[in-house]
Amino acid sequence: MKNILLVCVATFSLPALNAQQKFQVKAKISNIAYPAKAYISYNNGEQIQTDSVVVEKGKFTFKGTILNPSEATITLKQSDGNTDMYTRDLLDLYLEKGKISIRGDKQVKSATVKGAGVAQADFDRFNAIMKPLRDKMAPLSIKMRQYYNEKNDAAKDSIFPQLVAIRKDLTALETEFIKNNPGSWVTLGMMKHRAVIIDVPEFEPLFIAMTDELKNTADGRRIADRLVIAKRLQPGQPFINFVLNDTEGRPVSLESFKGKYVLVDFWASWCGPCRAENPHVLKAYNQFKDKNFDVLAISLDQKKDAWLKAIREDGMPWTHVSDLKGFDNVAAKEYGIIAIPQNFLLDPQGKIIAQNLRGENLAKKLAEILP
């Protein structure tokens with residue numbers, strides 16, 4: 001349900017304005033190892049709610065309240081202790097008013113959800129559409145993790161294009177579902193995840209087509225606010241000036257880079273996808289630094305030692321700034337940055353040319369605009 005591999009995302013809560021609805025989830029998972037504990041995470045309309053219970057003879061129950069049909073994740077941790085993020089035992093579902101039954105054998109991730117309402121029915125239909133491509137991706141993902149652990153870069157590079165192609169096809173299917181189901185709570189959930197980093201030309205028509213019921217929810221209003229911010233970051237828009245201290249505590253302003261093409265790069269030492277992008281930025285910097293190009297990196301770190309260590313490890317010679325406030329960074333808040341890595345390429349007048357240039361795309365774009 002959530003793409004956790006491509007960006008590092010901040011958490012946020014949403015206000016509740018309407019009456020809460022009660023739900024109950026009763027599960028029976030046969031033949032599991034003991035002891036075991038079950039966890040649930042969902043949006044109750046005010047914040048991300050989490051709860052846990054001890055599993056007794058394969059049975060566990062969760063009760064709570066929700067504002068609307070809501071995405072939820074149930075995780076089962078057994079005595080064999082599988083906590084790997086790729087293979088952990090979890091089940092995504094939609095909570096709705098009333099009673100929901102879950103039945104499975106050995107693991108919760110393969111369990112069947114019954115007794116739920118329209119949202120879960122839509123979610124089941126969506127998963128059936130996506131299953132062939134997900135099944136195609138699964139063995140490649142296993143190989144990718146194996147090659148990563150083995151530090152086999154050549155093997156990783158050989159299958160990465162296949163994973164990218166499948167991911168593109170999955171996104172296309174997801175977009176088609178959103179277009180065909182503008183009133184589904186599943187659509188709202190997917191649009192909420194897409195609102196982390198918005199591609200305005202594609203995103204805005206999908207949001208406009210959503211029903212008023214969805215747009216008037218707390219999530220819908222938050223998405224609308226994110227869209228307003230995203231429009232301020234489109235090509236041709238000026239990037240508002242900010243001042244942050246560099247690694248030596250000296251103030252640096254964005255305006256001081258006027259007259260150059262500059263990449264404003266949001267990252268953090270703890271963000272794996274950011275660290276994976278740094279070599280691509282370094283390659284582009286070395287290629288174009290003598291052609292009126294520079295980089296201004298804004299760290300969303302909170303610990304200075306970790307920030308400085310990452311700069312040294314990744315060999316990044318350009319200007320680095322931070323207020324060490326994490327996602328409360330003044331520049332990040334100005335532009336609603338709630339996921340990293342993100343970057344913005346500015347022209348010598350300080351206007352945005354492009355954004356989120358990943359991998360080799362940064363060097364390709366610079367080759368187009370620089371002599």
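Me: What is the relative accessible area of Lys309, and is this residue buried, partly exposed or exposed?

Reply: The model is a predicted one. A residue counts as buried under 20% relative accessible area and as exposed over 50%. Lys309 falls in between and is therefore partly exposed, with a relative accessible area of 42%.

Me: Which residues are linked with Lys309 in a network of salt bridges?

Reply: Side chains of opposite charge can pair when their charged atoms come close. Lys309 and Glu313 meet in this way, in a salt bridge. The network that holds Lys309 also links Arg275, Glu313 and Asp314.

Me: How many salt bridges are found in the whole structure?

Reply: The cut-off for a salt bridge is a side-chain nitrogen of Lys or Arg within 4 Å of a carboxyl oxygen of Asp or Glu. The pair Lys309 and Glu313 meets it at 2.4 Å, and Asp122 with Arg125 meets it at 3.1 Å. A search of the whole structure gives a total of 16.

Me: Is Asp122 buried or exposed, and what is its relative accessible area?

Reply: Asp122 forms a salt bridge with Arg125, and the two are 3 residues apart in helix 1 (residues 118-149), so about one helical turn lies between them. Arg125 is partly exposed, at 36%. Asp122, by contrast, falls under the 20% limit and is buried, with a relative accessible area of 12%.

Me: How far apart are the closest N and O atoms of Asp135 and Lys131?

Reply: Both residues lie in helix 1, 4 residues apart, which is about one turn of the helix. Asp135 counts as partly exposed at 42% relative accessibility, and Lys131 is partly exposed as well, at 48%. Their salt bridge brings the closest N and O atoms to a distance of 2.6 Å.

Me: Which helix gives the most residues to the lining of the largest cavity?

Reply: The structure holds 4 cavities of 30 Å³ or more, and about 190 Å³ of space lies in the largest. Of the 16 residues that line it, the closest to its centre are Asn43, Asn68, Pro69, Ser70 and Asp219. Strand 6 (70-77), helix 3 (185-194) and helix 6 (218-231) each supply at least two lining residues. The most, 4 residues, come from helix 3.

Me: How many residues of the lining of the largest cavity are charged?

Reply: Asp, Glu, Lys and Arg count as charged. The lining divides into 7 nonpolar residues, 6 polar residues and a charged group. The number of charged residues is 3.

Me: Which helix supplies the largest share of the lining of the second largest cavity?

Reply: The second largest cavity has a volume of about 100 Å³. Of its 14 lining residues, the closest to the centre are Ile198, Arg226, Ala230, Leu233 and Gln342. This lining divides into 8 nonpolar, 5 polar and 1 charged. The largest share, 3 residues, comes from helix 6.

Note on methods. Residues are numbered from 1 along each chain as its sequence is written. This is a predicted model: local features need pLDDT of at least 70, side-chain atom pairs count only at pLDDT 80 or more; totals for chains, interfaces and linings use all residues. Side-chain values use heavy atoms; hydrogens and water are left out. On a 1 Å grid over the protein atoms alone, a cavity is a set of points where a 1.4 Å probe fits but cannot get out, and a pocket is an open set with protein on both sides within 12 Å along at least five of seven lines; lining residues have an atom within 4 Å of a point. Grid points are joined across faces, edges and corners, and a volume is the space filled by probe spheres set on the points. Buried means under 20% relative accessible area, exposed over 50%, partly exposed in between (1.4 Å probe, protein chains only).
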